Amino acid sequence: MTIHRPTLRSVQAPSAVVMIRPLFFSTSKDAGQSSSRSLIGEAQADIDFAEQAYVEISTAADELIRHGVDVHLFEDKSRETPHSVFLNNWLSTHAGGYVTIYPMHAENRRKERREDVIDLLKAEYRVQDVVDYSELEEEQQFLEGTGAMVFDNVERVVYAVPSNHADRQALEQFCNHFKYEPVIFEAQDAEGNPVAHTNSILCIGTGVALLGSDMITDPAKKAEIITRLEQSGRQVVHLTNDQITACAGRAIELHSKTEGLLIAMSQGAYASLKQEQVDLIEQSAKIVQLKLDTIEQAGGSARCAMAGIHLNQRETEVEAEKLVEAT
C-alpha cells in the first residue's frame with residue numbers, strides 16, 4: 001500500500017528541536033528534589049545509567065538529523081541537574097517569535113534553566129519576546145511546559161490535567177496571554193493515581209492524536225475531547241493503560257525537510273502498539289523510533305527530551321545581501 005503523507009509545513013510540527021545531553025543523569029524520579037546527594041559515583045549502577053543516557057541522547061539526536069530534523073544539542077555537565085534532559089518542562093517556543101520559561105515544582109529542577117539555550121534561540125531565530133513565568137514559583141504556582149500542557153496549535157487549544165505540575169491559575173494566565181482555549185480535565189491510571197503530566201496520555205499531531213482515553217475520569221469530558229480531536233480532522237488512536245506505561249503517549253510530531261511529517265517515539269512505545277495503530281499513525285506521519293530505555297526509567301521519553309522550535313530562522317548575511325540586491 002502506498003501512503004501519501006503531508007509534506008507541507010505544519011504549525012503543529014517543528015522542524016528543529018533543542019536537546020540536552022546529560023553527563024550526570026539519574027533514573028530516580030525523586031532525584032530533582034535534593035541538591036545534596038551526589039548523583040554519580042555512589043554506585044557503579046549510577047555511572048552505568050549516566051553513560052547510557054548520554055549515549056541514548058547522542059544517538060537520538062543523530063537519528064533525528066538523519067531524518068531531516070535540525071537538532072541543537074547542548075551538554076549538561078552539572079551533578080545538580082540529573083533530569084536536565086527533560087528540558088520541555090521549563091522551555092517552549094511559539095509562532096510569532098515567543099519563547100516561554102516555566103515555573104517548576106521541584107526546587108532542584110529550577111537549576112536546569114539555561115541562558116545559553118535562550119541566547120542560541122535569539123541568535124539563530126527571530127525572537128520577539130521571552131515570557132518568563134518562573135516568578136510564579138514564589139506563589140507556589142507551577143506550570144511545567146509541554147509536560148503540563150499539550151498544544152493543539154491548529155485549533156489554538158491547550159489540553160491540561162491539573163496537578164502539582166499544572167496549576168489552574170497559571171494555566172489560565174498562560175492561555176490568556178497566548179490566546180489559547182484551555183481544556184482542563186481530570187485523569188488517573190488503573191490504580192487510581194492521578195496523572196501528573198498531560199503529555200503522558202496525549203500526543204497531538206497534524207493528522208493524528210494519540211490518547212489514553214480510558215484514563216479520563218469524566219465520561220462527558222472524555223467524549224468532548226475525542227469529538228474535538230476528530231472534528232479537527234485528526235484520527236484518534238486510543239492507547240491502553242499498558243501502552244501509556246510504555247510511553248506511547250509521550251511521542252512528538254516533527255517536520256523533516258526531506259521526509260515530511262514524523263512521529264518520534266521510543267522503541268518501547270513503538271513495540272507496545274498494535275499493527276492497526278501503527279497503520280493509522282503512519283497514514284499521516286512516518287514513525288521514527290528512538291532508543292530511550294534508560295531515560296524512560298526516570299519517567300520521561302521522546303516528547304520530554306525535546307523542546308520544539310516554532311520560530312522563524314533569522315536570515316543569514318548572504319541571504320540578506322541577496323534580498324537587498326533583489327530590491
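In what order do the three strands of the open sheet with S9, S10 and S11 stand? In this predicted model, the order is S9-S10-S11, and the pairing within the sheet is mixed. S9 and S11 each have a single partner strand and stand at the edges, so one side of each is left without a neighbour in the sheet. From one strand to the next, the twist averages 15°. S9 and S10 run antiparallel and are joined by three bridges, and within this pairing Ile 204 has Ala 209 of S10 as its bridge partner.

The protein as a whole comprises 327 residues, of which 54% count as buried, and its secondary structure consists of 10 helices and 15 strands. Its accessible surface comes to about 14,700 Å², with 46% of that area belonging to carbon and sulfur atoms. Among the contacts with a separation of 6 or more, 75% are accounted for by residues 24 or more positions apart. The pLDDT averages 91 over the protein, and 88% of the residues score at least 70. Over residues 31-43, however, the pLDDT is below 50, although this stretch has 34 contacts in the model beyond near neighbours in sequence.

S6 and S7 pair in the antiparallel sense over four bridges and form a hairpin with four residues between them, in the turn of which Arg 156 has a positive phi of about 60°.

In soluble globular proteins, nonpolar side chains tend to be buried together. In this model the largest nonpolar core has 37 residues, and those with the most contacts inside it are Tyr 159, Leu 210, Leu 229, Met 265 and Ile 281. At least two residues of this core are supplied by each of strand S7 (157-160), strand S9 (202-204), strand S10 (208-211), helix H5 (219-231), strand S11 (235-238), strand S13 (260-266) and helix H8 (275-281). The largest share, four residues, comes from S10. Once its neighbours within four places in sequence are left aside, Leu 229 is in contact with Tyr 159, Leu 202, Ile 204, Ala 209, Leu 211, Arg 234 and Val 236.

Seven of the seven residues of S1 are buried, so the strand is largely enclosed by the rest of the structure. Both of its faces are covered, with Ala 16, Val 18, Ile 20 and Pro 22 buried on one side and Val 17, Met 19 and Arg 21 buried on the other. S1 runs parallel to strand S2 (residues 70-76), to which seven bridges join it, and antiparallel to strand S15 (residues 307-308), to which it is joined by two bridges. Val 17 takes part in both pairings, having Val 71 as its bridge partner in S2 and standing opposite Gly 308 in S15.

The loop between strand S1 (16-22) and helix H1 (44-66) contains Thr 27. Apart from its neighbours within four places in sequence, Thr 27 is in contact with Phe 49, Thr 294, Gln 297 and Ala 298. The C-alpha atoms of Thr 27 and Gly 300 are separated by 9.9 Å, although the two residues lie 273 residues apart along the chain.

Methods. Residues are numbered from 1 along each chain as its sequence is written. This is a predicted model: local features need pLDDT of at least 70, side-chain atom pairs count only at pLDDT 80 or more; totals for chains, interfaces and linings use all residues. Side-chain values use heavy atoms; hydrogens and water are left out. A nonpolar core is a set of buried Ala, Val, Leu, Ile, Met, Phe, Trp, Tyr and Cys residues joined through side-chain atoms within 4.5 Å. Buried means under 20% relative accessible area, exposed over 50%, partly exposed in between (1.4 Å probe, protein chains only). Contact means heavy atoms within 4.5 Å. Accessible areas come from the Shrake-Rupley method with a 1.4 Å probe; for residues, only the protein chains shown count as cover. pLDDT is the predictor's confidence in each residue, from 0 to 100. Two strands pair if DSSP finds at least two bridges between them. Axes are lines fitted to C-alpha atoms, for helices over the stretch in contact, and angles run from 0 to 180 degrees between N-to-C directions.
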